[in-house]
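Subject: A structure to look through

Hi,

Here is the structure I promised to pass on to you. Please open it and keep it in view while you read my notes below.

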Amino acid sequence: MRDRQGRIATENERLVLDIVHRNPEISRSILTKHTGLTQQSVHRIVDSLISKNLLKADRETKSGPGQPSLTLTLIDDAAFAFGVSLNTDTIQLSLVNLSCTQIIDTYVEPTNLNNRDIVIKSIKSSMERLAEEHSVPTNKIVGVGFAITGYRLGAPDKFHTSSQLSEWANIPLLPELTGHLHDHVWVENNANANAIAETLVGAGRTHASFSYLSFNYGFGGGIIIDGRPLTGAHMNAGELGTILTPDQMTSRPALGELLIRLKNHGININSIRELAEKFDPNMPGVREWVDEVTPHLNLTIRALSAITDPSAIVFGGEAPPALRDMLINASSNPFGDHDPTVRSPSRPSLIKSDIDGDAASFGAALLPIKQQILL
């Protein structure tokens, strides 16, 4: 049953579910302290969620006077969502459950990424196959999140994309996707989707406010403040490439530029996916590229630190783990704090995302879960 906004749970129910998700097997008595709601309200909400089969409760072992409290956990298979990440050379598909556990992460192989009709049909057929393989009932799929590379153009579902995806550019995507993939679809750019994934299964577990650097064919980012994405007036917060001038763009830390440098050294790697499979830090051209992009990367880190004051800056996207390490090491002192007698502001930690590979499809799959069931 959905409310008028299409949500499966009310605002207070979502609050309770979100707290249970972040604190598995929390007792109902402790839950009351986390919500700020009265004990009576929490009991009523918990009963409602149990009746909706979103939450299950077990009696704790009695350790003192009075009735034992209930231990609460999410019902994993109560809801599922698909996430799609459309990159310049790949389509990645994820399926997650209510506990935000990634059940499957796979690639879709359409013949032409720039043909919307072919791509949408390929995604649809892959979703149907995966749902059948994993015994996911259609009525338990609450929605689809769709992430695409690029920045927004005056509307939540219109994007400027790279030239490889020109047929997806500057058109409303929701009419293209809603009904074909699911009745409930959310769109986001890949960098923000990566950051959303980090909030639940990565850096967000220890950092409530962090910035995310998404190294893809291009270079972008996401900003998380107090556990929630910062979008901005035009929904383009985190478009880090705009920090640089046009003549600096070829020296930004974009993996598309790295492919060009490798090719100049006789290393023919033709896609970001192939780069992830074959990357070697000792490849000719890699160290030179890292040295070239480091000044602009440091500028980005300083800007993010000054404006958003994150506790961490996460290096992720499609950059291979070894390349993430190289970029972090190259940016180990972006502030130039050499004088020990001068007290500097607190600086963010530079950390590598521990999510294996690109997390955009995973983050996209979390959009329906967060929008309808969690916070």
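Let's begin with a pair in helix H4: Glu-128 and Lys-124 sit four residues apart there, so about one helical turn separates them. Their side chains meet in a salt bridge, with 4.0 Å from N to O. Glu-128 counts as partly exposed, because its relative accessibility is 46%. Lys-124 is also listed as partly exposed, at 28%. Elsewhere, salt bridges with shared partners tie Arg-252, Glu-257, Arg-261 and Glu-292 into one network.

Before going on, please keep in mind that this is a predicted model.

How many salt bridges does the structure hold? There are 17.

Asp-117 is partly exposed, with a relative accessible area of 45%, whereas Lys-121 has 54% and is exposed, because the cut-off for that is over 50%.

Now move to helix H1, residues 11-22, where you will find Glu-11 and Arg-14 three residues apart, about one turn of the helix. A salt bridge joins their side chains, at 3.2 Å from N to O.

Most residues other than glycine have a negative phi. Cys-100, however, has a positive phi, near 65 degrees. Where is Cys-100 found? It lies in the loop between strand E5 (91-97) and strand E6 (102-108). Cys-100 is buried, at 3% relative accessibility.

Ser-135 has a positive phi too, near 55 degrees, and is likewise a residue other than glycine. You will find Ser-135 in the loop between H4 and strand E7 (141-148). With 62% relative accessibility, Ser-135 counts as exposed.

Best wishes

Conventions:
Residues are numbered from 1 along each chain as its sequence is written. This is a predicted model: local features need pLDDT of at least 70, side-chain atom pairs count only at pLDDT 80 or more; totals for chains, interfaces and linings use all residues. Side-chain values use heavy atoms; hydrogens and water are left out. Helices (H or I, at least four residues) and strands (E, at least two) are DSSP runs, numbered from the N terminus. Buried means under 20% relative accessible area, exposed over 50%, partly exposed in between (1.4 Å probe, protein chains only).
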